[in-house]
Amino acid sequence: MLGYLQGLQGSGSGQDQLPSDIYSEFFADILQAVKENGCKSVDQDKPQGFSMLRSFDSENSNQLEPPAVTDADVWIFGYGSLVWKADFPYIDRRRGFIWGFKRRFYQHSIDHRGIPERPGRVVTLLPGDPNQDRVYGVAYRIAASQKSSVLDHLDYREKNGYERCSLEFHEYPNINTGDGKPIEVIMYVATQANDSYAGNVWQVPCIAKQIFSSAGPSGPNREYLFNLAAAMEQLFPGAVDEHLEELVACVRRYIAEDEPKLMQHALLQEISVILKEEKLSEQAKRLEELLERCQQPGGREWLLHGALQPKSDA
């Protein structure tokens with residue numbers, strides 16, 4: 001980088017042209033790679049033709065030798081990331097739904113899909129019509145011998161505002177409908193009283209913009225949205241979730257129409273600021289650091305978030 005800057009200095013390029021020259025040489029080609037970095041769908045890295053539903057129906061347990069079923073087992077209902085990311089042992093799982101709730105992206109995420117200064121959005125449940133509203137998801141049976149450790153793990157995973165509650169789960173129609181009786185399940189809900197509740201900003205374009213420009217330790221916020229949508233489409237064909245579908249369409253529109261120009265604008269701004277350093281060696285060092293940060297998970301969202309801030313706050 002230092003050699004390139006020294007060459008530019010000797011070439012007589014105008015000061016106003018320097019940010020564009022550096023951008024074209026080092027940053028333009030990484031935008032596509034940054035765009036794809038870490039944002040995997042539930043089908044990515046799977047063999048061609050992989051179906052989440054086929055896998056779901058053929059692998060009802062994630063243990064080689066599941067413990068025997070007992071009356072002391074518990075069921076956990078997942079309606080967000082638990083649908084596709086069950087990072088705990090279970091001995092059975094079933095598709096289904098609960099009555100009387102609506103799934104909404106009304107919870108800030110500061111520990112998984114965002115960070116405290118740039119929170120993302122994840123789902124919680126709101127009370128709905130007990131005879132009309134359904135939320136689809138997956139129920140996991142946890143063996144009595146593993147119940148304590150699994151609940152401790154989930155209490156920590158859902159620590160940012162979520163609380164346990166119990167209700168009835170109904171199986172989704174399939175070839176293994178069982179006896180049709182509801183199953184009592186435990187689920188985690190973030191109520192409006194918790195500090196990270198974000199339902200005061202409920203407009204879909206606003207939530208979509210937050211998802212579009214957020215990332216955290218668990219990955220990009222958009223990955224969470226797209227994985228949930230893909231899981232719902234595969235596991236519950238024909239089921240309608242207007243809120244989820246509107247968010248997916250809006251975020252995809254931001255990605256297609258706004259992301260390239262926002263990324264370029266943000267990078268040119270960062271490069272221009274760096275070039276104000278007096279020492280060429282310091283400029284080179286900071287440009288290398290910027291290049292490295294752009295290629296790290298969350299680098300894209302960091303730039304997008306900055307580009308979307310009002311000019312007075314930027």
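This is a predicted model: local features need pLDDT of at least 70, side-chain atom pairs count only at pLDDT 80 or more; totals for chains, interfaces and linings use all residues.

Residues are numbered from 1 along each chain as its sequence is written, and side-chain values use heavy atoms, with hydrogens and water left out.

**Stop 1: salt bridges**

Select R103 and D241. Both R103 and D241 are buried, and they form a salt bridge with the closest N and O atoms 3.1 Å apart. The rule here is a side-chain nitrogen of Lys or Arg within 4 Å of a carboxyl oxygen of Asp or Glu. R103 sits in strand β3 (residues 101–109) and D241 in the loop between α7 and α8, so the pair ties together parts 138 residues apart in sequence. Helices (H or I, at least four residues) and strands (E, at least two) are DSSP runs, numbered from the N terminus.

Next, pick D87 and R157, another salt bridge, with its closest N and O atoms 2.5 Å apart. Buried or exposed, what is R157? R157 is buried at 9% relative accessible area, whereas D87 is partly exposed at 37%.

For a network, select R222, E259, R300 and E301, which are linked by salt bridges. The count of salt bridges comes to 14.

**Stop 2: strand β2**

Now show residues 92–99 as cartoon. Six of the eight residues in strand β2 are buried, so the strand is largely enclosed by the rest of the structure. Which strands pair with β2? Pairing takes at least two bridges found by DSSP between two strands. Strand β5 (residues 134–142) runs antiparallel to β2 and is joined to it by eight bridges; strand β6 (residues 162–171) is also antiparallel, with two bridges. To see one of each, find R94 with its partner A139 in β5, then F97 with H170 in β6.

Stay on R94: its side chain meets that of E171 in a salt bridge (3.1 Å, N to O). R94 is in β2 and E171 in β6, so this pair ties together parts 77 residues apart in sequence. R94 is partly exposed, at 25% relative accessibility.

**Stop 3: the nonpolar core**

Select F27, F105 and L225, the residues with the most contacts inside the largest nonpolar core, which has 86 residues. Such a core is a set of buried Ala, Val, Leu, Ile, Met, Phe, Trp, Tyr and Cys residues joined through side-chain atoms within 4.5 Å. Helix α7 (residues 221–235) gives the most to this core, with eight residues. Around F27, beyond its neighbours within four places in sequence, contacts (heavy atoms within 4.5 Å) include L267, I271 and C294.

**Stop 4: S213**

Finish in the loop between α6 (204–212) and β8 (215–216), where S213 is found. S213 is buried at 5% relative accessible area. Leaving aside neighbours within four places in sequence, S213 is in contact with E301, L304, H305 and L308.

Notes. Buried means under 20% relative accessible area, exposed over 50%, partly exposed in between (1.4 Å probe, protein chains only).
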